[in-house]
Amino acid sequence: MSGGVEITVRVAEIEQATASVKRFRLASASGEPLPVFSAGSHVVVSMDDGGHRIRNPYSLIDRAPDGLSYRIGVLRTPNSRGGSIFMHERVSVGSELVITMPVNLFPLIRTGRKHVLVAGGIGVTPIYAMADELRSQNAPYEVHYAMRDEANGAFAAELVERHGDKVRLYRDDAREIIRVEEMLPNQPLGTHLYVCGPEGMINAILAGGRAAGWPVENLHSERFLAPPGGAPFSVALAKAGITAEVGPHQSLLEAIEEAGVDAPYLCRGGACGQCVTTVLSFEGELIHNDHYLTDEEKASGTKIMTCVSRLNGRELVLDL
Amino acid sequence: MTTLSDIKSRPIYAGLKVDDMARRHLVAAEGEGALAVIEAFSRAPDALDRTTILYCPAGSAAMGHDTALADLNPDVFHLAPSPQTLLVRLNVMLSTATMGTRLYATGTEGFIGAVIAAALPFGVDHHSIYTEHRGSLARRVQCVHCKGMTENVTATPFTCSHCGLTLFVRDHYSRRLGAFQGVCVDAEEPGVIPPVEELYK
């Protein structure tokens, strides 16, 4: 498989953390320990929705001390394409799921002298793992976690319990806002900042970092996108000699897979670049939604990331 | 001019430019590097009251670059008698510096490499250090056999100043050591030594 080695897991425990977040404990189905992962890693969870495959990336929260299970946190999103709804409504204790090997696109920079972790909402999942790893290494760090209100702070109590006064909580309902201009000055040289959360928050924190004179090399973020829908179009795979239709709610990658072609992918969220495919020709306009290709590459019209990007037009011809 | 190499580790020095966003500018310059500092900061004079310049004249002591640099009137100007003393001062400054400080290094390759190597343990990403190569192309070379360092190597092959082997200078570079790697050139046929080329003057 293009996504690498797959692991079958069984849901061992489901915890309703908040009204909209469930935490799932995924246990190794074989009884063999699951691979050790570095903080910031994610797995792609593959769900079988009546013959229709849904694959979503989720950051790993932790690995049980015995190595036999991972935890992930899933926010139920109202505009879900099916993945988070499936996890919330169709998955129960005992359900079997298939996950990929952990992949880390959001690693801690181990040469850093200090680490500032910033999370918003469900973006706390990789940050939770990072804070634990930094604590175990006795490295200097601080955690800033913004949530809508106390009831939506899925991880607030645990973070405070584990990291004490290194954690600062911000509640939207109490008009507590992360002030990047207060957080960033006077951090020692060699500090790295990591942010995960809603798009607007990530952009504000990164912009605040640059405004405070931080080099881009010290500013890190991760955002997985759900593939945006759009008008249907057809995709021709030149090497395979296949033409497939991409539906309005389907991603290009999903349509290629449904046509029986094992196309490359890793994160399925526009972040890693594994699925970059050469565009041979197209009629219409390429809609690039990823965070990977450079503006020049996007403008060149010769490359596309099949996981989140699509065509607004009639036909796209790919070198697949 | 530095020519591009097939060896991936061979450093590339993009040239000095002042980071407008930085709250503080920490400049380490050696020899002819003074001219790169003067060119870059003359274009951004507003930055100078937030700038510290550490300068060591080294080989260009008679050129008066130190006076020209001091005339920029930066917030702090420190004239060091040797690269070693400059690095001691730099280390103290790095240990108390805060984020928002942009580090600049300019001069010979050996000097730039030493500044980068000093900054790495403070968690500074080497990509974030603005560099410009000025002056001699002389290399600091590590003998891969005895691990001894030879400074100011201008020709290849050369004789290791520690173990006496005849070393071919490679573009293979160690950022941690701030040195190129020298490999025995006549290991297979001892005594068969290619002609010496003055490549790094």
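Reply: In α3(B), the buried residues are B:Pro83, B:Leu86, B:Leu87, B:Leu90 and B:Leu94. They cover an arc of only 95 degrees around the axis, which puts them on the same side of α3(B). That arc is taken from the directions that run from the helix axis to the C-beta atoms. Buried means 20 or more other C-beta atoms within 10 Å of the residue's own, exposed means 12 or fewer, and partly exposed lies in between, with C-beta atoms placed from the backbone. The face turned away from the buried side carries exposed residues: B:Gln84, B:Val88, B:Val92, B:Ser95 and B:Thr96.

The model is predicted: local features need pLDDT of at least 70, side-chain atom pairs count only at pLDDT 80 or more, and totals for chains, interfaces and linings use all residues. Residues are numbered from 1 along each chain as its sequence is written, while chains are lettered from A and ligands numbered from 1 in the order in which they are written.

Now the length of the helix. α3(B) spans residues 83-96, 14 residues in total. From first C-alpha to last it reaches 20 Å, close to the 20 Å expected at 1.5 Å a residue. The expected span is 1.5 Å times one less than the number of residues. Helices (H or I, at least four residues) and strands (E, at least two) are DSSP runs, numbered from the N terminus.

What do the buried residues of α3(B) pack against? The partners are β1 (24-30), β2 (51-56) and α4 (109-119) of chain B. A contact here means that two C-beta atoms, placed from the backbone, lie within 7 Å.

Next, the chain around the helix. Chain B has 4 helices and 10 strands. Along the sequence the pattern is β-α-β-α-β-α-β-α-β-β-β-β-β-β. The radius of gyration of chain B is 18 Å, close to the 17 Å that the globule rule gives for 201 residues, so chain B is as compact as a globular protein of that length. The radius is taken over C-alpha atoms, and the rule is 2.2 Å times the number of residues to the power 0.38. Along the principal axes, the C-alpha atoms fill a box of roughly 60 × 35 × 30 Å. Of the 201 residues, 42% count as buried. Among contacts between residues at least 6 apart in sequence, 67% join residues at least 24 apart.

Chain B is divided into domain 1 (24-133) and domain 2 (139-184). These bounds come from an automatic or database domain assignment. The two centres, taken over C-alpha atoms, are separated by 26 Å. Across the boundary, 8 residues of domain 1 are in contact with 8 residues of domain 2. The domain 1 side divides into 4 nonpolar, 3 polar and 1 charged. Nonpolar covers Ala, Val, Leu, Ile, Met, Phe, Trp, Tyr, Cys and Pro; charged covers Asp, Glu, Lys and Arg; the others, Gly among them, are polar.

Some backbone details in chain B deserve a check. Most residues other than glycine have a negative phi, and most peptide bonds are trans. B:Asn73 has a positive phi of about 60 degrees and is not a glycine. B:Asn73 sits in the loop between α2 (65-70) and β3 (76-79) of chain B. With 11 C-beta neighbours inside 10 Å, B:Asn73 counts as exposed. B:Asn152 also has a positive phi, near 55 degrees. Its place is in strand β7 of chain B. B:Asn152 is partly exposed, with 13 other C-beta atoms within 10 Å. The peptide bond from B:Thr156 to B:Pro157 is cis, with omega near -5 degrees. B:Pro157 lies in the loop between β7 (149-153) and β8 (158-159) of chain B.

Finally, the partner chain. The contact takes 17 residues from chain B and 19 residues from chain A. On the chain B side, 8 are nonpolar, 6 polar and 3 charged. α2(A) is followed by A:Asn138, whose phi is positive, near 60 degrees.
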